[in-house]
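User: I have a structure open and would like to learn how to read it. Could you take me through it feature by feature?

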Amino acid sequence: MSDVARLAGVSHQTVSRVLNNHPSVRQETRERVLRAVHQLNYRPNALARGLAARRSKVIGVVSFDTILYGPAATLLGIERAARAAGYGINIVTLERLDRSGVAAAIDALSEQSVAGVVLIAPMVSAAVAMHGLPTGVPAVLVEPGGGSELPSVSVDQVAGARLAVEHLLALGHETVVHITGPRDWLEARDRLEGWRLALETAGRRVPPAITGDWSPRAGYEIGQSLAERRDATAIFCANDHQALGLLRALHQRGVRVPEDVSVVGFDDIPEAEYFTPPLTTVRQDFDEVGRRCVAALLDLLDGSAEGANLSPVEPTLVVRASSGGAG
C-alpha cells in the first residue's frame with residue numbers, strides 16, 4: 001500500500017479510502033490511485049487489513065423474516081455496497097423486531113466481532129427498539145422518517161407519495177383515493193402523510209384513507225368496492241403488490257384502466273412494467289440506500305460521521321400506461 005501511495009503521490013490514508021470505496025475522495029485522485037494499483041498489481045489482503053485496523057471486515061445486518069420487496073431489496077443494496085467496500089455481511093433475521101429481539105441479535109453479532117451493524121427498521125417497533133439501546137457497536141439504521149439518535153438512511157417516502165398524487169392531479173383528477181399500508185409501518189405512515197399533504201397543498205378534498213396491507217389480496221378486496229364508486233377516478237396504492245390486486249378487481253368489474261380509473265403504485269418492482277396495463281409507480285433507489293448506509297458506517301468506524309450523506313434518497317416517478325387523463 002505504501003508503494004501505491006508513493007506512485008500515486010498521495011497519502012497512505014488516501015489509498016485506504018479509495019480501496020474502501022469511501023465517498024469523500026475526489027474522482028481525479030481516485031482514478032490516479034486505481035491506476036497505481038493496477039500498475040503495481042496490488043491485491044489487498046483482507047485478513048491483514050482487518051488485523052491492522054483491529055476490526056473485522058464483516059458488517060452485521062439485522063432484518064426480519066420477510067419476502068416483501070422493499071426490505072429484501074434494501075438488504076441486497078447493503079450487500080452490494082459492503083462487497084464494493086471490501087466487506088462481507090452477516091445477516092440475522094428476526095420474526096419480530098422488538099427490543100429484546102434486536103438486543104439479542106446485536107449481542108450475537110458482537111460475539112462474532114462484526115465491525116458494525118446496519119438495522120433495517122421499517123416498523124415502529126424496530127425503530128423504538130434501537131433508541132437508547134446500549135450496544136457499544138457502531139450502528140446505522142435504515143429508518144423511514146428518521147428521528148433516531150443513531151445515523152439513519154432512507155428514501156424520502158413523503159416526497160414519493162407527493163410525486164404520485166401530483167401526477168394524478170396534473171392529469172385532471174379532482175382528488176385521489178389512497179389505499180394505505182399497515183399503520184405500524186413507518187413507510188406506510190409517511191406515504192399517507194405525503195398523500196394528504198399533496199391534496200391539501202392543491203386545495204383538493206381529502207377523502208378518507210382506506211387501510212390495507214402490502215398484499216395483492218388487500219388491493220383486490222378493496223378494489224371490489226372502489227369499482228362501484230364514481231368519485232374514485234384516481235387511486236394511489238401504498239405499494240405495487242396492492243396495485244396488482246386492484247387492477248384485477250377493476251378488470252373483473254368492467255372498469256377500464258386508465259380510461260375510467262387511473263392507478264399509481266409505489267416501489268417499481270421488477271414485474272410492474274408487465275402488469276396489464278403497465279403500472280405507473282414511484283421508484284426507490286435501494287442501491288443508493290445501501291451505499292449511504294455502508295459509507296455512514298465506515299465513517300463511524302473511522303471515528304467521524306461528519307462526511308456521511310444522511311439526507312433522504314430522492315425517489316422518482318415512473319410513468320406508464322396505468323395513469324391517464326380524467327374522463
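User: How many bridges pair strand β6 with β7, and in which sense, parallel or antiparallel?

Analyst: The general idea comes first. Strands of a sheet pair through backbone hydrogen bonds, either parallel or antiparallel. In this predicted model, β6 (residues 177-180) and β7 pair in the parallel sense, over two bridges.

User: Which residues of helix α10 are buried, and what covers them?

Analyst: In α10 (residues 216-226), the buried residues are A218, G219, I222, G223, Q224 and L226. Their cover includes β6, β7, β8 and α11 (240-252).

User: Now strand β4. Are its faces covered or open?

Analyst: In a regular strand the side chains alternate between the two faces of the sheet. In β4 (residues 139-142), both faces are covered. A139 and L141 are buried on one side, V140 and V142 on the other.

User: Which strands pair with β4?

Analyst: β3 (residues 116-120) pairs with β4 in the parallel sense over four bridges. There, I120 has V142 as its bridge partner. Strand β5 (residues 152-153) also runs parallel to β4, joined by two bridges. The bridge partner of L141 in β5 is S152.

User: How do I describe two packed helices, α2 and α3 for instance?

Analyst: Two packed helices are described by the angle between their axes and the distance between the axes. The axes of α2 (residues 12-19) and α3 (residues 27-40) come within 10 Å and cross at roughly 90°. So α2 is roughly perpendicular to α3. On the α2 side, T14, V15, V18 and L19 make the contact; on the α3 side, T29, R30, V33, L34 and V37 do. By class, that contact has six nonpolar, two polar and one charged residues.

User: What backbone features deserve a look?

Analyst: Most residues other than glycine have a negative phi, and most peptide bonds are trans. Start with the cis bonds. One joins V257 and P258, with omega about 10°; P258 lies in the loop between α11 and β9. Another joins T276 and P277, with omega about -5°. P277 lies in the loop between β9 and β10 (281-283).

User: Which residues have a positive phi, and are they buried or exposed?

Analyst: Two to inspect are N41, with phi near 55°, and D267, with phi near 125°. N41 is found in the loop between α3 and α4 (46-53). It is exposed, with a relative accessible area of 52%. D267 lies in the loop between β9 and β10. D267 is buried, at 7% relative accessible area.

User: What is the mean pLDDT, and where does it fall below 50?

Analyst: The mean pLDDT of the protein chain is 88, and 90% of its residues reach 70 or more. Over residues 46-53 the pLDDT is below 50. Beyond near neighbours in sequence, that stretch has seven contacts in the model.

User: And the whole chain?

Analyst: The protein chain has twelve helices and eleven strands. Of its 327 residues, 51% count as buried. Its C-alpha trace spans about 70 × 45 × 35 Å along the principal axes.

How values were computed: Residues numbered from 1 in each chain as written. Predicted model: local features only at pLDDT ≥ 70, side-chain atom pairs only at ≥ 80, totals over all residues. Heavy atoms only, no water. Axes fitted to C-alpha atoms, helices over the stretch in contact; angles between N-to-C directions. Parallel < 35°, antiparallel > 145°, perpendicular 65-115°, else oblique. Contact = heavy atoms within 4.5 Å. Nonpolar A, V, L, I, M, F, W, Y, C, P; charged D, E, K, R; others polar. pLDDT = per-residue confidence, 0-100. Pairing = 2+ DSSP bridges. Buried < 20%, exposed > 50% of the residue type's maximum accessible area, 1.4 Å probe, protein only.
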